[in-house]
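Here is a short tour of one protein model, written for someone who likes to know how each term is defined. Please keep the viewer open as you read.

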Amino acid sequence: MPLTTEMIRRHHRELYAELEALMPEERPEGEPAADPRAVVHFLREELLPHAAEEEREVYDVVDALAGAPFRVTEPMRLDHVAIGAGVERLSSLAQQMETATESERALLSRRFWQEADRLGSIIRLHFEKEELAYLPLLEQREGAEPADAEVLDVREVPPARRHDLIFGAYARLRPGESFILVNDHAPRPLYYQFQAEHAGEFTWEYLEQGPEVWRVRIGRP
């Protein structure tokens, strides 16, 4: 499901809280904050998937808005590459600690937390850049509706006819045009059908998400 800026900010707060619990910004030198395995699990299973989803749902949109012949989000994407490499280094150190002798484990632990402190700083700065640079831009786009955009309200249309009407409206769009779909339920099946039949050929932006009315801008890039 496409991300909204509200969802991104909420997830950032959740990730930041867990980051502070596992890899606190203020940590006495040499004192571990958590089990290294828990740190690696958080980074691999929660942080990196969030980064991958943001590239699809945020960075690609920002690049399209910029209209430049290159990806303006490339520096932030490189942040993700650097974060991924840091996670792999931490994972390797955590694995080595599993079979190390006591003296070796102390050295590996020190290296692990030095690396974790550096990585934590990169992640915090990365969040801040997204919050200050990208999300305000997306918020403006979420709240803006072209004055000449067609509004297709299907709430009174029999369900069996809705998808035909919606895909008909999409077929009439020229590149850069869009229409506003108004529905009485979350249009997840419709989104999945667009993904199956028109992957990479449509844009999808939520303008309102229930509980009674859903409004989505659907367009051609």
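The notes below start with the model itself, then turn to a strand, its neighbours and a helix pair.

## About the model

This is a predicted model, in which local features need pLDDT of at least 70, side-chain atom pairs count only at pLDDT 80 or more, and totals for chains, interfaces and linings use all residues. Residues are numbered from 1 along each chain as its sequence is written, and side-chain values use heavy atoms, with hydrogens and water left out.

## Strand E2

Helices (H or I, at least four residues) and strands (E, at least two) are DSSP runs, numbered from the N terminus. Strand E2 covers residues 178-183, and six of its six residues are buried, so the rest of the structure largely encloses it. Buried means under 20% relative accessible area with a 1.4 Å probe, protein chains only.

In a regular strand, side chains alternate between the two faces of the sheet. Here Ser178, Ile180 and Val182 point one way from E2, while Phe179, Leu181 and Asn183 point the other way.

## Its partners

Strands pair if DSSP finds at least two bridges between them. E2 pairs with strand E4 (residues 214-219) in the antiparallel sense over six bridges, and Ile180 stands opposite Arg217 in E4. With strand E1 (residues 150-153), E2 pairs in the parallel sense over four bridges; Glu150 has Phe179 in E2 as its bridge partner.

## A helix pair

Helices H2 (residues 36-66) and H3 (residues 74-99) pack at about 165°, with axes 10 Å apart; axes are lines fitted to C-alpha atoms over the stretch in contact, and angles run from 0 to 180 degrees between N-to-C directions. H2 and H3 are therefore roughly antiparallel (angles over 145 degrees).

Technical notes: Buried < 20%, exposed > 50% of the residue type's maximum accessible area, 1.4 Å probe, protein only. Parallel < 35°, antiparallel > 145°, perpendicular 65-115°, else oblique.
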